[in-house]
Amino acid sequence: MKQFISHWLVLTVAAGVMVAVLPGMEAVGEPPILGIAAFSLVMALINASIKPVIHMLALPISVLTLGLFALVLNWMFMELASWLALSLFDVGVVIHGFWWAVLGSLIMAIVSGIVNSIICE
């Protein structure tokens, strides 16, 4: 449980940076960090549960497309997290298009890696 909470906090920081940097991402909620935290919670739940299974099932397609299908999967997971957070909690992050989600997932990966390396050392 402690590992999940730390993963959620890292994702919250990464999502906060993503929303602050990208104009195609919009935090919904008052205060905005509440929407970012709800979005990150749903992303952490998706990452812990269905994402590994889906990536394993889609591995042949990802190999055939030289990894480009992984971008589509990440976009779908971000859209799913956005939709679930907005429908369950009435707060979240609105993503305005596929390419914003791709850029957002890249930013979240980079920031999450940096924050994880700082926390784990």
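Visitor: What share of the chain's contacts with a separation of 6 or more comes from residues 24 or more positions apart?

Guide: Contact here means heavy atoms within 4.5 Å. Residues 24 or more positions apart make up 74% of the contacts in the chain that have a separation of 6 or more. Keep in mind that this is a predicted model, where local features need pLDDT of at least 70, side-chain atom pairs count only at pLDDT 80 or more, and totals for chains, interfaces and linings use all residues. Residues are numbered from 1 along each chain as its sequence is written, and side-chain values use heavy atoms, with hydrogens and water left out.

Visitor: How many helices and strands does the chain have, and in what order?

Guide: Helices (H or I, at least four residues) and strands (E, at least two) are DSSP runs, numbered from the N terminus. This chain has six helices and two strands, running α-β-α-α-α-α-β-α from the N terminus.

Visitor: What does the radius of gyration say about the chain?

Guide: The radius is taken over C-alpha atoms, and the globule rule is 2.2 Å times the number of residues to the power 0.38. For 121 residues, a compact globule would come out near 14 Å, and the chain agrees because its own value is 14 Å. Its C-alpha atoms fill a box of roughly 45 × 35 × 25 Å along the principal axes.

Visitor: Which residues of H1 are buried, and what do they pack against?

Guide: Buried means under 20% relative accessible area, exposed over 50%, and partly exposed in between (1.4 Å probe, protein chains only). By that rule, 35% of the 121 residues are buried. An α-helix has 3.6 residues a turn, so residues three or four places apart point the same way. In H1, the buried ones are Val-10, Leu-11, Thr-12, Ala-14, Ala-15, Met-18 and Val-19. They pack against strand S1 (25–28), helix H2 (32–48), helix H5 (68–89), strand S2 (92–95) and helix H6 (98–120).

Visitor: Is Ile-33 buried, exposed or partly exposed?

Guide: Ile-33, which sits in helix H2, is partly exposed, at a relative accessible area of 49%. Its C-alpha lies 9.5 Å from that of Ala-15, 18 residues away along the chain.

Visitor: Where does UniProt place the "transmembrane region" feature?

Guide: UniProt positions follow the numbering used here, feature names are shortened, and annotations may be inferred rather than shown by experiment. The unreviewed entry gives residues 7–25, 31–50, 57–77 and 97–119. In the model, residues 97–119 are 96% helix and 0% strand, with end C-alpha atoms 32 Å apart. Residues 57–77 are 81% helix and 0% strand, and their end C-alpha atoms lie 15 Å apart.
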